[in-house]
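Dear colleague,

Please find below the structure that I am handing over to you, followed by an account of what was found in it.

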Amino acid sequence: MPEVRDRTVPSDPATDSVAEPGPRPPARARRTTGALTGWGFALPFTVLFLLFTAGPVVASLVMSVTDLRSADLLDPFGVNVVGIDNYVKLFSDEKFLTAAGNTAVFVVVGVPLTMALSLLVALGLNSGLVRFRTLFRVGYYLPVVTSIVAISVVWRFVLQPDTGLANEILGFFGIEGPNWLNNETLALPTLIVMGAWRNLGFGMVIFLAGLQAIPKDLYEAATIDGAKRFSQFRYLTLPMLRPTMLFVAVITTIGYVQFFEEPFVMTQGGPLDSTLSMAYATYNQFGFGNYGYASAMGYVLFVVVVLLSIVWFKLLRNNVDD
Amino acid sequence: MTRPTAERLRSRDRIAKAGLYVVLFGGLAFVVGPFVWMLLSSFKSEGEIRANPPTWWPNDATLANYGNLFDRLDFPTYFTNSAVVAVVTTVGNLLFCSAAGYALAKIPFAGKKLLFGIVLGTLMVPSIVTIVPLFVLSSNLGLVNTLAGLILPYLAQAFGVFLMRQFILSIPNDLLEAARIDAASELRIFWQIVLPLCKPALATLGILTFLSSWNNFLWPLVAATGEETYTLPVALALYAIGQNRTEYDLLLPGAVVIVLPVIIVFLLLQRHFVRGIATTGLK
């Protein structure tokens, strides 16, 4: 804003009104002090942030158009710029396409499932007839705060074919449980259910806050107008929850697109790559030392995250009238 | 309204209420059940862990599995690493993010908009995107396989600055101006006025940073190349996938050690948690 810079009077109205008679440094000096103190406070963060976060984001983009390999770190001159070759190669890389497909299923099925479950629990807890609210809230939230690695170990234990709790319970109902994680068609759905199990507490907390923010008199008015419970939900609760839903959808999607730990610990991407995710495929390429190619994969993941967030904004912002 | 109808309504309400409880408790059992089974099974003998059919309650409880964590693995080291990394990361973020957040919210300076723009721009970047350059950078700086290498990349995070800036914006300017007229230095204003007012935001940021650091997996998996710098999740995951026969007599107590401190902290602070997450979520 050049306009501000040219003014001789300090731009802050609060200072203008008070310090009139007393001695006071000229505007230019004040602005310099402002810049100095401003950067003084921001500098430690800025240095660390640029070096370890913003810098690598840019560096990754640069690396993605090179053929950088781990061996090149000793000899930087062996690196060639290959343009979009890495990106082109991705689309004929069967492993990557499989991984992208699995990730798509995980997100497309997992996000709505997780959101529906968390909304159901939130509605139940918000219905006004519930005691033990704290117990439920804490219990359902528990998996969100715990290590996904530990959880994956525990679930692998629960899902063991012969000695696991899951099949034991199914057996109680006369169902013979399968070998969940070793089955090509069942492994991914199992991880989806586990994802919903783990994340529904997060959505629940946010939905509860959203539900409590809806003014009570709206419901009173609706009841007086003779609206039944379901129509109240459909035409009052759901529209009022739109911003909350948008937030839960975006956060859940960002998390799910990156899913990695669960297949890493539970299935190592198998059986037959049926649980290989995009993040896992990227990690593998990094492990093989294909740094340029891995960076390109990572960037595709980033673009997917941004695109899906935009989709959610369009879907959930569209019909809001305010 | 006649009496019988009211009564029928009330009994219908009661049935609905009972149904709701059944569903909610069923869900709760589904969510908490695996944790309870993990805890109970960690006290079972190796044979009982492999028993078919599985048992719920341990036949004769033993602490032997926890001994394995010391005998067969170096759990004290992993635990210390995890704790050091999480504590330093948390303290660093509280300090750097609140200072930068204060500057971004209340002090006019050149480059402020650009800085905030960059911060916002990186909020959505998946961690896998920066893994490669971070690793290259770390190996150039000699940070691979050091605790500093696990800490530094997370010491100043975009989310923290965003949260602190938003919170500090709500502090009235008059308060700060009054202190400036009294010739208080900016540092004193920050330390004695701004920070005390930020306690709720600092609590939220502290809890969230500690948790995400304690549970962090991808970067430590890449950067901790030797056992001496393993954090708990890395040690557990590598042990879980490294064996031909999965040794649950070691993995279960390991999982308990990772999860239990977090659960205790969570139960103690759950009010702050839920409030903090709900408010940061909706802002």
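Helix α5 of chain A is followed by G128(A), a residue whose phi is positive, near 90°. Helices here are DSSP runs of H or I with at least four residues, and strands are runs of E with at least two, both numbered from the N terminus. α5(A) covers residues 94–126, and its 33 residues should span 48 Å at 1.5 Å a residue; the end C-alpha atoms are 47 Å apart, which agrees. (The expected span is 1.5 Å times one less than the number of residues.) Within α5(A), a kink of about 30° lies at G110(A), shortly before the proline P112(A). The bend at a residue is the angle between axes fitted to the seven residues ending there and the seven starting there.

Please note that this is a predicted model, in which local features need pLDDT of at least 70 and side-chain atom pairs count only at pLDDT 80 or more, while totals for chains, interfaces and linings use all residues. Residues are numbered from 1 along each chain as its sequence is written, and chains are lettered from A and ligands numbered from 1 in the order in which they are written.

Chain A as a whole has 15 helices and 0 strands. Among the contacts in chain A with a separation of 6 or more, 68% are between residues 24 or more positions apart; a contact requires C-beta atoms, placed from the backbone, within 7 Å.

Between the two chains, 80 residues of chain A are in contact with 82 residues of chain B. Helix α3 of chain A (residues 27–63) gives the most to chain A's side, with 20 residues. That side divides into 55 nonpolar, 21 polar and 4 charged residues. Here Ala, Val, Leu, Ile, Met, Phe, Trp, Tyr, Cys and Pro count as nonpolar, Asp, Glu, Lys and Arg as charged, and the others, Gly among them, as polar.

The largest nonpolar core holds 158 residues, and F45(A), V153(A), L301(A), A100(B), L236(B) and A255(B) touch the most other members. (Such a core is a set of buried Ala, Val, Leu, Ile, Met, Phe, Trp, Tyr and Cys residues joined through C-beta atoms within 7 Å.) Helix α9 of chain A, residues 187–212, gives the most to this core, with 13 residues. Because 20 of its 26 residues are buried, α9(A) is largely enclosed by the rest of the structure. α9(A) also has a kink of about 40°, centred on N199(A). As for V153(A), its contacts beyond four places in sequence are V265(A), L236(B), A240(B), L251(B) and A255(B).

Chain B is assigned domain 1 (3–64) and domain 2 (66–282); the bounds come from an automatic or database domain assignment. The contact between them takes 8 residues from domain 1 of chain B and 8 residues from domain 2 of chain B. Their centres, taken over C-alpha atoms, are separated by 34 Å.

Finally, I49(B) is placed in helix α2 of chain B. I49(B) is buried, with 21 other C-beta atoms within 10 Å. Not counting residues up to four places away in sequence, I49(B) touches S41(B), K44(B), Y248(B) and D249(B). The C-alpha atoms of I49(B) and L250(B) are separated by 11 Å, although the two are 201 residues apart along the chain.

With kind regards

Technical notes
A residue is buried if 20 or more other C-beta atoms lie within 10 Å of its own, exposed if 12 or fewer, and partly exposed in between; C-beta atoms are placed from the backbone.
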